[in-house]
Amino acid sequence: MGVASMMNIAQAATANENPAYSVRHLASEQNLISVKNAANYMLLPVQDNAPEARVILITGDNMPVGVAANVRLAREHVDYYVPFDLSAYHGDNITVQVQGLPENACTWDKLKLSETFDTANREKFRPIYHHTPVYGWMNDPNGMFYKDGTYHLYFQFNPYGSTWGNLSWGHSTSTDLVHWEYEGAPVMPDGYGMIFSGSSVVDHYNTAGFGEGAIVSFYTSAKPSAWGDSQSQSMAYSTDGGKTFTKYEGNPVLTSGERDFRDPKVFWYAPGKHWVMVLAAGQEMDIYSSRNLKEWKKESSFGAKQGAHGGVWECPDLFELPVEGTDETRWVLICNINPGGPFGGNAAQYFVGRFDGKKFVNESPTETKWMDWGKDHYATVTFNNAPDGRVIALGWMSNWQYQTVLPTLQYRGSNTIARDLSLYRDENGELLMRCAPSPEIESARMETREIPSFKVKDSYEIASLLDDNDGAYEIEMQLKNSGASRIIITLANDKGEKVHMHYDIARKQFVMERSESGLTDFSADFPAMTVAPVDDTDNITLRLFIDRSSIEAFGNGGKFVMSNLVFPSKPYNSIKFETWRGNFQVKSMKVYKLK
């Protein structure tokens, strides 16, 4: 997955060497590429740290046709290629205008024409069982829904490079929430701006008039200008199950004078027989209602003096969850915040309360509750129309503090594994959210190694977790504490790179520290220690999901979760257990190789 060796590629050439295209350099870094008998793609060479150039497709009557992109075209060297799609004009004579690129840039010698774009993986850090874009930039998950046995994931996507820009909706599908197939980019920027985050619903009752069972998606149209940024809410619909979309002719459907006004989450409120939209507006969430998905009425706002306010509120979600062991339910409002997370940068907070279709009331207004205690968990939202009444969440596994400088080129950005959500009461009667690994993750298990029970007095090391270790595995363990004041777990490789984890018994905390984890010097904010509260330090269950460049820790069935990126030069293949005072027993331990 990603850009690899290009197949069926015409030899790159200058105007004098290749009759397939010629280049004319005009004044002020304006350039024209004339192509005869166009192939499916023009492969554009990208230099990740170069300034952006503007690439525009021109028709025979010298008019732009709406295919345009800002691309960091190579000036001194080529990091990778991205495809500029010419398939709609295959065999035609077309012109591509390039603005803002000097005549001496190496792009002119490196351009390639091709019938195909090979996306084989070139990145050693690319996860195996987590979703990533086949190439290019990815941030927030968008528009997720389930229908006819398939999960649909859309995501913030730059098809023209691994840096932020040209934001569109990429699309991937899965039947098991683990293995994903890239389906293209069905929602592209238009005259209203880039396509920011949003959501999708299955309109079972044809309330919008697009057809029974149509997929109706909402997104923020974001357009910067000299007069200020504009953010409004737009709508598109699909009658082929989410493969292609038609933008609603009445866009935008909702506007505001707010500078930060984005990320619409829409769902059906059955008791009131109406739709609800939750929108991030500055540091509040606005709630709207509608009967037909086209006209919206503001009902209320939530957020003043509630939770954390260290940064802008984004990517809301609102859903009903069962309370474990009871017949009760409560509503949960997810509020992603950036910055303002407990360990710097972004994070996802949530509120538990009641919702009457118009107004959300938080039952614990003095509490701040975090959904994940790692550095790398954000923009988390849930699937619409999930099967069997489940509430399934997926997050973006990164942090805005360093996302733009992560040590990958072919792609940037990954998602967490899917998580099933429920509510439970802690020992003080407080309602908290459990985020358990979705059971579908077990479909990724290839082989199992079971470790016999053992007791740890000082230390105990397993030198080789897997014989054939490609860095993608799960460790499942149960521990019984017998007076230890600290239980230490260290994952390491033979290069001396390691991730330290420990349970601090007195403080009832789980800690992960990654300053020695591998590559860390690309950002001063990356080395970090993250801390999660733990309810039971006598009987411990812990599941660690390791996937080349990430570790997700789920404690006591998802009562705490911690997601952190790591970039080791080789996979971690040993695990060491240590104790301070006292001892503990590893009652059971299994290692699963995942695919």
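These entries record what I looked up on aromatic rings in a predicted model.

**Confidence.** I began with the pLDDT values: the mean for the protein is 94, and 95% of its residues reach 70 or more.

**Aromatic pairs.** I then turned to the rings and found 40 aromatic pairs in the structure. I examined tyrosine 154 with phenylalanine 245: the ring centres are 5.8 Å apart and the planes stand at 80°, so I recorded the pair as edge-to-face. I placed tyrosine 154 in strand E10 (residues 150-158) and phenylalanine 245 in the loop between strand E15 (230-238) and strand E16 (246-247); the pair therefore ties together parts that are 91 residues apart in sequence. I found both tyrosine 154 and phenylalanine 245 to be buried.

I next looked up phenylalanine 157 and tyrosine 182, an edge-to-face pair with 6.0 Å centre to centre and 70° between the planes. Phenylalanine 157 lies in strand E10 and tyrosine 182 in strand E12 (residues 181-187), so this pair ties together parts 25 residues apart in sequence. I checked accessibility for each ring. Phenylalanine 157 counts as buried because its relative accessibility is 0%, whereas tyrosine 182, at 26%, counts as partly exposed. I also noted that ring pairs link Phe157 and Tyr182 into a cluster with Phe117, Tyr135 and Phe155.

**Arginines over rings.** Finally, I recorded two arginine positions. Arginine 445 lies over the face of tyrosine 592, 3.6 Å from the ring centre. Arginine 514 lies over the face of phenylalanine 526, at 3.7 Å from the ring centre.

Definitions and conventions. Residues are numbered from 1 along each chain as its sequence is written. This is a predicted model: local features need pLDDT of at least 70, side-chain atom pairs count only at pLDDT 80 or more; totals for chains, interfaces and linings use all residues. Side-chain values use heavy atoms; hydrogens and water are left out. pLDDT is the predictor's confidence in each residue, from 0 to 100. Rings of Phe, Tyr and Trp (its six-membered ring) pair if their centres lie within 6.5 Å; planes under 30 degrees apart count as stacked, over 60 as edge-to-face and the rest as tilted. Helices (H or I, at least four residues) and strands (E, at least two) are DSSP runs, numbered from the N terminus. Buried means under 20% relative accessible area, exposed over 50%, partly exposed in between (1.4 Å probe, protein chains only). A charge sits over a ring if NZ of Lys or CZ of Arg is within 6 Å of the ring centre and within 35 degrees of the ring normal.
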